[in-house]
Amino acid sequence: MRTTPLWDEYYELLPREELEKIQLSRLKKVLIRAYHNLPYYRNKLEERKINPYDINSLSCLSHLPFTTKEDLRQAYPFGAIAEPLRNVVRVHSSSGTTGTATVVGYTKKDIESWSELAARALSSYGVDEEDIIQVSFGYGLFTGGLGIHYGAENLGATVVPASAGNTLRQIQIMKDLQITVLACTPSYALYLAEVARENNINWKESSLRIGVFGAEPWSEEMREDIEKRLPIRAFDIYGLSEVIGPGVAFECETKEGLHISEDHFLPEIIDPQTGRTLPPGEEGELVFTTLTKEGTPVIRYRTGDISSLNYETCACGRTLVRMKRVFSRTDDMLIIRGVNVYPSQIESVILSFEGVEPYYQIVLTRENFLDQIEVQVEVAPQFFSDQIKVLEGLKKQIEEKLKTELNLSCEVKLLEPKSITRSEGKSKRIIDLRKKEEIS
Amino acid sequence: MKQISVFLENRPGSLYEVLYKLKEEGINLRALSLADTAEFGVLRFIAENPEEIVEKLKKENFAATLTEVLAVGIEDRPGGLAEVVGILTHQNISIEYLYAFVSPQGERAYVVLRVEKLAEAEKILRENHIPILDKLTI
Ligand SMILES: [Zn+2]
């Protein structure tokens, strides 16, 4: 079932019983370190009268306080770093879309583990020393670029650090350097494919074979679309800077969930409303405790990502738990006329229609105290018809499917091609014009 | 004959953008119709070198397409159009849409017809001595 090599056979095939022993001993250590070196977390433990020396089983985890993005923001700049700065060799920072930045520190050992984890992921996709990988994730404070970069170098592949932007040049590089692996955000991959098509690039001459995509939620339909437009097999990579960066979890060839490197990260799924731990298989917010991280350890960090956990041994042989691909986040859930809607649901519907381009925008307004949702899509030039009834039919079909999927009436607006801004990084798809004060 | 159709978004200026582009390219419109709904519109027109025009429009990010239509000449008198429509209706050929225009000389009017069974419609109209044009040179 597995045709690609294991990067770290010992940990990737470790029986659960043994894995749990390692996890527990690492958890004890990280808790004690957090208690002594992270004042913000020590306060939380003391408030709840928890003695970290009392933790003696993995099930104790559910009694420990959470760490939130807000905690890390308040700890800005160095309050979340558990090591003296002289031991920190790098920092990354994520600003998010709202509020202050968070700073995450890495020791030498952290950078090494991260390179190992990213190599594990790349190896699972089938990347090896022969490959030439174009890293078109942004380099800089964002972890995407450097994370994949170090992993690929560790693996022995040839790295082309293209970073994001200048799409025509990116395509030129892909052709000239005979790139075999492309790593970027899925929305950038689509954009790149579109620019290539406009410039009549013939992919038959390219050596491209693998796509490594992450840093934003993307649907199965989007994967199919990318694989149709580019000559690649597209794989999902998961990670977030607060936990380490790309490489926390990765897909294997079966593409049935992402294997979490549990020797480094302890995952949980919780109910985002109550904070209660949910049993395996149930969907909820993904929470991580770092087990090995020195620079910025986090205990029960709430990712905001919606997923579920599957502990069955995978067809690929790995014993590492699989998390369901993240299609949505707790904070991008929209409440429209009292109905919970995830943009990813809308994306799935749009991508199932051939007559529209894979770009969309959701505009929320409020008229007479009633939420209105308009889904804007671009008419695909090749499907455009001179007949009004064909276009109206398309619009109606999309509206009906949205209604069935979301349980909500949406207005679909057909736009001219290229009306929606193409993104080179994470894309902005929601425009909420509802006045905030009216909501409460 | 080939007709060019262009998708128009429902917002101010979308028609002007197409027309301005056509003007820039020095394209002379022989016949034109604008169909619109509350949500969007379709501009349809006849001009010379339609293939070239569609390519140019696509390059400028317009959704444009070519459609085979029939352009027929009718006598510019009451009932002239009814006669043509009648012939097609009798043969169960449905008309998707049509638009008419009068030549400057004023003797003849022309109708652009979009029908589903184009070859059949053409044959029947010819049999009924309705002049069919390959080109609009007015
Ligand atoms: Zn697997």
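A:Asn200 sits in the loop between α8 and β6 (210–214) of chain A; helices here are DSSP runs of H or I with at least four residues, strands are E runs of at least two, and both are numbered from the N terminus. Its phi is positive, about 50 degrees, although it is not a glycine. A:Asn200 is also exposed, with a relative accessible area of 68% (exposed is over 50%, buried under 20%, partly exposed in between, using a 1.4 Å probe and protein chains only). All this comes from a predicted model, where local features need pLDDT of at least 70 and side-chain atom pairs 80 or more, while totals for chains, interfaces and linings use all residues. Residues count from 1 along each chain as its sequence is written, chains are lettered from A and ligands numbered from 1 in the order written, and side-chain values use heavy atoms, with hydrogens and water left out.

A:Gln178 is another non-glycine residue with a positive phi, near 50 degrees, and its place is the loop between α7 (167–176) and β5 (181–184) of chain A. There's a cis peptide bond too, joining A:Tyr76 and A:Pro77 with omega about 0 degrees; A:Pro77 belongs to the loop between α4 (69–74) and β1 (88–94) of chain A. As background, most residues other than glycine have a negative phi, and most peptide bonds are trans.

## The zinc site

Four protein atoms hold the zinc ion at 2.1 to 2.3 Å: SG of A:Cys252, NE2 of A:His259, SG of A:Cys314 and SG of A:Cys316. Donors here are N, O and S atoms within 2.8 Å of the metal (3.2 Å for Na, K and Ca), and water is not among the atoms, so sites may look incomplete. The angles among the 4 donor atoms run from 102 to 114 degrees, making the site tetrahedral (for four donors, that takes all angles between 85 and 135 degrees).

Along the chain, the donors follow the spacing C-x6-H-x54-C-x1-C. A:His259 is in strand β9 (residues 258–260) of chain A and A:Cys316 in the loop between β13 (309–310) and β14 (322–323), so the pair ties together parts 57 residues apart in sequence. A:His259 is buried at 0% relative accessibility, and A:Cys316 is buried at 4%.

## Sheets and strands

Chain A has an open sheet of 9 strands with mixed pairing, in the order β4-β3-β5-β6-β7-β8-β9-β14-β13. Strands pair if DSSP finds at least two bridges between them. The edges are β4 (158–160) and β13 of chain A, each pairing on one side only. Inside this order, β5(A) and β6(A) run parallel over 4 bridges, with A:Gly211 in β6(A) as the bridge partner of A:Leu182.

Strand β18 (residues 370–379) of chain A has 7 of its 10 residues buried, so it is largely enclosed by the rest of the structure. Its antiparallel pairing with β17 (residues 356–367) of chain A covers 9 bridges, and A:Thr365 stands opposite A:Gln372 in β18(A). β17(A) and β18(A) form a hairpin with 2 residues between them, where A:Asn368 in the turn has a positive phi of about 50 degrees. β18(A) also pairs in the parallel sense with β19 (residues 411–415) of chain A over 5 bridges; there A:Val375 stands opposite A:Val412.

Methods:
Tetrahedral: all angles 85-135°; square planar, octahedral: opposite > 155°, others 65-115°.
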